[in-house]
Amino acid sequence: MEYIPDETAFSINCIALTPDGKNLVAGYIDNTVKVWNLLDGKLVMNLLFHSSWVTSVTVSPDGRLGIAGYDDGMIRVWEMETGKPLKSLSSHTSSVNYLLVSKDGKTLYSAGSDGTVKVWSLSELAFIRSLRGHSGPVNSIVHWPEQNRLYSVSDDGTLRIWDTSTGQQVKMIKAEIGALSSVTMDEERSILIVGSRDGPLKFYDVKTWSALRIVKAHNAEVTAIIIRDDLMFTSSCDRTVKILSLPSGSLVKMITGHSWDVSSIILSSDSSVIYSGSSDGAVKIWDVDKGAALGTLIGFGDGEYFSYNSDGNWVASSKGASRVKTSSGKRPDQQGTELPSLLLQLDKLPRIYIQSPQSITIYDTDLTFVVSQPVVKVTVNDEEVPVGESGEVTFKTTSAGVLTVKAFDSTGNFDEKILEVQFEETRMYVVGNIGPYRRGDRVVVSDRNATDLLVNGEWLSRGFFSDSAPDIEPPQVIGQISQQVKIGQEKYLEFVVTDNDEVETVIVIGPDEKREEVSVNSPHESMRIKVGGTGEYHVTAIDNEGNEIEVTLSLIASAKIFWVERDHGSLRRGQEVTVTAEGESSFFVREYGWVEKDILTDTKITTESPVIVGEDVQYAEADKEKMLSFKVSDDIKVIEVEVSEKIYPVDLKEKEMFVIVGDYGEYRVVARDLEGNTSEKTIRLAAPAKGEKKTNWLLVSVAVATVVILLLLIFRPFFTRKKKRKVRLM
């Protein structure tokens, strides 16, 4: 059974799955991120963080953070549990096509249509570096953390390999199958596969980088590739999802059901379910074994939703059911049954939705996961733990390790998962002398149990350690978060640093990543630091105990009018532009971009009207071609000349014009320059009078000049002859 939504169901560009398998995150072209509960089919959150299409989404490995990329280059980070926005990350200049978080959850990689891959610190939500080399949009990336390698593919047709520790490109491969749209690698790191916009897939041996084969998998762009064991799952703009065998690439199964491009797919942790997002506005949930749809999730622009399963039963928000119909025009209540909780995977029970690995800390040892209903018993390492009414399971553990989790239904069937527990290494302070450690020392704690902490391989009583330095408080940075400055004038970042002991150093990193370090060595200091431009500045204050604090201060400026001093790109001299931001050596021009400062001036440049030079009355013999002749010139550029409503392009500062006309008479000549200035002149074309020839003044001038030159040559001896002296002879 299929329900067809109305036009308020917007296209889906991307989807992601939370690590516990409980929720699905989808990005839509209505600028929203929607979070779905996969157990009951309900829309949990409808998040509007930014006014641009959502082009990529991902979730951190611990399930705590959601991350969305947008069509204008913005990246937004939020809390998955609450939907609270945390930070905006801005460095890309165009669409963010792909987001990837490293397995340790510390690093975010983003691929953009600006041809770059950006590297971010996810723990600090701060920019690290750009990987530059592609000459076209970067569409997909894959990470091999053990080898510090990142692989990226682009519309430029290349696969590029990067060293993530240095940011340097180590290899470039031309795939020769056209623009590349997707990339993935198997878990054994033996095969890498790239997908193209035209549909073929190309296989590479990772050890030798020799091409293994090309498989024509799809008839349109390959939007995603996933490898799991000996199978490969692909999606495409040809509206299909395909399952292929490895390493041959032969077709195992084709899944159809979407009415438009399949933009993204995600595979469940146990490989039993595929989730697909499409431009038709639906998320579909597929049984891998059967190739059949288990359920469909439809979200609308205002947060209304409608979800249904393969039986046609459904669950909807207050207005959701009124926005869909079957192909025959039937309403949902005429076709299926409304259910309070639409379990989309009934034939897969019992089921454990668990994130692995999970982390514990010194203070938080709770582990959580969800089981499907009805589950009657859950055990962890064969020890029973309580199950909540909605299937939530929370229990405590004492230390890191591997746990076996089982969920049983009433018939004795069970699902089994392995949960790896990791301890988040924690830096602590010694608050009492113990062994080789002294009060105030900082140590790394790598594990814990009920009474002790593991420090450098030795178990020590936790009473001797604290996460706070003894009697030490971090410094403070006090200042206006947004400070007003003026474009074109000197700019200063102003704030105060203070500490209960002494602030040692202040570090300022500007929007251009320029770093300035200032020694303070004072408990209280007013800072006034000269900077180059507007934007966000990250200010870090460090005290003499190594404690530090970071704040972000912004310099903002009102837009200012400038004029183009010389031609640059599509800008023309004298053109009025609006500058909205300033860097150390450049201005940001609205609707254009960054330009060097010497291109602009804040003094208005006025331009003159074009000049038309030519005889007011011109003559043409009756039996000869009738033509007007004149010259046009301008201080910038003449764009066109109009004679009798006919346009003649010029595009030069000066040009001799010869315009053929139809007959004698007066003609209005109009010249226009680049700045829109115009000038006019009337030229009359006439025939010479009968029996009278028109004087050729050019020949007359030549004749006169010739006579003058001959006279000068003839009389030159008279002008140059010396006077003779008379001498009397004695």
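Reply: The structure holds 27 salt bridges. This is a predicted model, where local features need pLDDT of at least 70, side-chain atom pairs count only at pLDDT 80 or more, and totals for chains, interfaces and linings use all residues. Residues are numbered from 1 along each chain as its sequence is written, and side-chain values use heavy atoms, with hydrogens and water left out.

Me: What makes Arg197 and Asp155 a salt bridge?

Reply: The term asks for a side-chain nitrogen of Lys or Arg within 4 Å of a carboxyl oxygen of Asp or Glu. Arg197 and Asp155 meet at 2.7 Å, N to O, so the pair falls within the 4 Å cut-off. Arg197 lies in the loop between strand 19 (191–196) and strand 20 (200–205), and Asp155 in the loop between strand 15 (149–154) and strand 16 (158–163), so the pair ties together parts that are 42 residues apart in sequence. Strands here are DSSP runs of E, at least two residues, numbered from the N terminus (helices are runs of H or I, at least four).

Me: Why is Arg197 called partly exposed?

Reply: Buried means under 20% relative accessible area, exposed over 50%, and partly exposed in between (1.4 Å probe, protein chains only). Arg197 has 30%, so it is partly exposed. Asp155 has 28%, so partly exposed applies there too.

Me: What makes Lys560 and Asp602 a salt bridge?

Reply: The closest N and O atoms are 3.8 Å apart, so the pair is within 4 Å. Lys560 lies in strand 52 (residues 560–564) and Asp602 in the loop between strand 56 (600–601) and strand 57 (611–613), so the pair ties together parts 42 residues apart in sequence. Lys560, at 27%, counts as partly exposed. Asp602, at 46%, counts as partly exposed.

Me: Which residues do salt bridges that share partners join into one network?

Reply: Asp155, Arg197 and Glu221.

Me: Now the rings. Why is the pair of Trp36 and Tyr305 called edge-to-face?

Reply: Rings of Phe, Tyr and Trp (its six-membered ring) pair if their centres lie within 6.5 Å; planes under 30 degrees apart count as stacked, over 60 as edge-to-face and the rest as tilted. The centres of Trp36 and Tyr305 are 6.1 Å apart and the planes are at 90°, so the pair is edge-to-face. Trp36 sits in strand 4 (residues 33–37) and Tyr305 in strand 30 (residues 305–309), 269 residues apart. Both are buried. The structure holds 13 aromatic pairs.

Me: What makes Phe306 and Tyr308 tilted?

Reply: Their centres are 6.0 Å apart and their planes at 45°, so the pair is tilted. Phe306 is buried at 0% relative accessible area, and Tyr308 counts as buried at 2%. Tyr3, Phe306, Tyr308 and Trp314 form one aromatic cluster.
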